Amino acid sequence: MAGGAVEARDPGLQPERTRLAWRRTTLSATVAAVLAARQAVHDDVTAAGLVGAALSLLVWLVFLGVAHRRMRALVAARPGALRPRGAAVAAACAVALAAFAVAVVV
């Protein structure tokens, strides 16, 4: 980078790997939400189980929105960094999904 010129980068590799990582994470969240819903209605249906499954599905939808938004942002030639708010929401969704899964099992 001589004279302050921005060096061209390969637009396909890193964003594609990041997109694939978001898809894998979304798939994992989907499996967790489906298993929570399945566990909630498996034997005896309890109010706590239904609330846990409903909250799991709600958190899954929020995470799906965050992931979709990020994957769309990665289409640009020079995608911007993930915003702190998006990262915080994604992390909160992961923690909430784990907490609701415990609520469904217990």
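Modeller: The cover over the buried residues of α1 includes α2 (47–73) and α3 (84–105). The model is a predicted one. The buried residues in question are Pro15, Arg19, Trp22, Thr26, Ala29, Ala33, Ala36 and Ala40. In an α-helix there are 3.6 residues a turn, so residues three or four places apart point the same way. Helix α1 covers residues 13–40, and at 1.5 Å a residue its 28 residues should span 40 Å; the C-alpha atoms at its ends lie 41 Å apart, which agrees.

Two of the buried residues of α1, Trp22 and Ala29, also belong to the largest nonpolar core, which has 12 residues in all. In soluble globular proteins, nonpolar side chains tend to be buried together.

Phe63 shows how these parts meet: with neighbours within four places in sequence left aside, Phe63 is in contact with Trp22, Thr25, Thr26, Ala29, Ala90 and Cys93.

As for the whole protein, there are 3 helices and 0 strands, in the order α-α-α from the N terminus. Among contacts between residues at least 6 apart in sequence, 77% join residues at least 24 apart. Of the 106 residues, 24% count as buried. The protein exposes about 7300 Å², of which carbon and sulfur atoms supply 67%.

Methods:
Residues numbered from 1 in each chain as written. Predicted model: local features only at pLDDT ≥ 70, side-chain atom pairs only at ≥ 80, totals over all residues. Heavy atoms only, no water. Helix = DSSP H or I, 4+ residues; strand = E, 2+ residues; numbered from the N terminus. Expected span 1.5 Å × (residues − 1). Buried < 20%, exposed > 50% of the residue type's maximum accessible area, 1.4 Å probe, protein only. Contact = heavy atoms within 4.5 Å. Core = buried A, V, L, I, M, F, W, Y, C linked by side-chain atoms within 4.5 Å. Areas by Shrake-Rupley, 256 points an atom, 1.4 Å probe, with all protein chains shown as cover.
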